Amino acid sequence: MTTSEAAAAEPAATDVRAPAWGGGFGRLWTAAVVSKFGDSLRTAAMPLLAASLTSDPVLVALVTACGYLPWLLFGLLGGAVADRVDQRRAMWAVDLVRAALMAAFAVTVALGHASTALLIALAFALTTLQTLFDNAATALLPSLVPKAALGSANARLLTGQQIAGGFLAAPLVPVLLLAGAAVPYAADAATYVLGAVLIASLRVTGPERPPRPAGRTLRGDIAQGLRALWRDRVLRGLCVATTLCNIGMAALIATLVLHVTGWLDGGQGGYAAVLTAYGVGSVAGGLLAGRLSRRIGRVRSVFAAGAVQVGCLAAMGLVRELWVTIVAMVLFGLMGLVWNTNQVTLMQERSPEALLGRIGSAFRTLAVAGAPLGALLGGAAAAAWGLNAPALLAAALFAAAIASLAALIN
């Protein structure tokens with residue numbers, strides 16, 4: 001990488017440290033945090049529900065795998081649509097549909113009719129809707145804050161979501177489950193409604209789009225986004241590394257409840273503690289991300305974060321102590337937010353506004369392409385070699401990811 005390329009890839013030194021809460025950013029932040037709180041209640045409770053319905057690691061992993069699959073089927077389409085429609089309207093409409101789905105699921109759980117097949121179908125439906133929501137949200141943010149504030153804005157969004165999701169929601173799940181198996185899902189439905197109201201209240205004008213030429217198709221729009229991603233060396237390299245990491249993350253997440261409750265014999269309390277540890281680390285990562293990127297640059301920050309995460313995953317897979325996994329998850333979460341903040345900001349900084357939805361969807365779709373395979377590999381590895389095997393598999397994949405990033409920093 002030449003000096004000029006490195007400078008282009010590392011604009012973080014000019015970040016505005018405190019994006020204004022006015023202009024809609026405060027409401028978007030609140031909507032994102034509230035929605036993440038509800039989602040985390042669901043995602044923490046659902047593996048426990050799946051484990052209560054089946055003891056087969058592959059079936060438990062299949063629930064996670066089907067939560068990734070829609071990105072492969074609809075992710076590129078979601079980005080193309082996000083660049084064509086009113087992004088704010090698309091986001092609140094999606095939230096209302098998700099609220100209806102979660103309310104119906106909560107009733108089903110309360111009546112005792114939940115099944116593994118229903119969990120799989122729900123995971124697929126929610127992620128299908130998320131492909132449009134996430135691409136629209138990524139494209140909308142630059143309309144709410146100045147470009148120089150994107151790094152700080154992303155850090156605040158991700159940190160707030162981690163506080164709500166990892167630090168507040170995860171420890172609350174066992175308490176809510178005592179009140180009823182359906183309570184976490186009903187709470188998630190309520191947060192979607194609140195998020196929809198907040199997003200609908202935004203008054204923001206998205207990027208101006210020239211009139212679509214005659215004959216322009218969604219397929220052509222998708223191809224344009226893919227070409228733009230491929231031509232950018234930094235985003236292309238980061239996409240490859242993120243894809244490898246997501247395979248490893250899916251293998252770990254799909255079997256984490258079995259790793260903690262089975263291999264570590266930590267029970268539901270131990271599982272909640274591990275999730276909370278990840279949230280605490282992520283909050284610290286939000287505070288560190290900006291400082292680290294200003295000191296060493298965005299790409300180098302991603303590289304350093306991945307290197308630390310390799311050590312965390314190795315410790316989780318080799319040391320059969322709950323406290324070691326808790327400490328490792330603190331560091332893993334911290335570095336995960338450093339990676340994510342710089343990844344999203346690089347994409348927003350380096351993409352033309354009119355193409356941001358498509359470039360973002362191309363990046364996400366390619367990055368999660370291996371996640372369903374990773375989830376299934378995690379289940380298969382746990383069944384074949386033990387419940388600690390997915391953590392070691394994830395460590396190997398993260399090591400391959402940071403090796404692929406080395407070309408961007410040399």
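Biologist: Which residues have the most contacts inside the largest nonpolar core?

Modeller: In this predicted model, the residues with the most contacts inside the largest nonpolar core, which has 52 residues, are Leu256, Leu313 and Met316. Helix α9 (233–263) is among the elements that give two or more residues to this core, and α9 gives the most, with 12 residues.

Biologist: What does Leu256 touch, not counting residues up to four places away in sequence?

Modeller: With those residues set aside, Leu256 touches Tyr271, Val274, Leu275, Met316 and Met329. There is also a second, separate core of 25 residues, which includes Ala44, Met46, Phe105 and Ala169.

Biologist: Why is Met335 called buried?

Modeller: Buried means under 20% relative accessible area, and Met335 has a relative accessible area of 15%, so Met335 is buried. Met335 is found in helix α12 and, leaving aside its neighbours within four places in sequence, is in contact with Leu288, Ala305, Val308 and Gln309.

Biologist: Why does Val280 count as partly exposed?

Modeller: Partly exposed lies between the limits of under 20% for buried and over 50% for exposed; Val280 has 34% relative accessibility and therefore counts as partly exposed. Val280 is found in helix α10 (residues 267–296).

Biologist: What makes up the nonpolar surface patch of about 320 Å²?

Modeller: That patch is made by Ile163, Phe167, Leu168 and Val280, and helix α6 (residues 150–179) gives the most to the patch, with 3 residues.

Note on methods. Residues are numbered from 1 along each chain as its sequence is written. This is a predicted model: local features need pLDDT of at least 70, side-chain atom pairs count only at pLDDT 80 or more; totals for chains, interfaces and linings use all residues. Side-chain values use heavy atoms; hydrogens and water are left out. Patches are made of residues with over 30% relative accessible area and no salt bridge: like charges are joined within 9 Å, nonpolar side chains (Val, Leu, Ile, Met, Phe, Trp, Tyr) within 5 Å. Accessible areas come from the Shrake-Rupley method with a 1.4 Å probe; for residues, only the protein chains shown count as cover. A salt bridge is a side-chain nitrogen of Lys or Arg within 4 Å of a carboxyl oxygen of Asp or Glu. Helices (H or I, at least four residues) and strands (E, at least two) are DSSP runs, numbered from the N terminus. Buried means under 20% relative accessible area, exposed over 50%, partly exposed in between (1.4 Å probe, protein chains only). A nonpolar core is a set of buried Ala, Val, Leu, Ile, Met, Phe, Trp, Tyr and Cys residues joined through side-chain atoms within 4.5 Å. Contact means heavy atoms within 4.5 Å.
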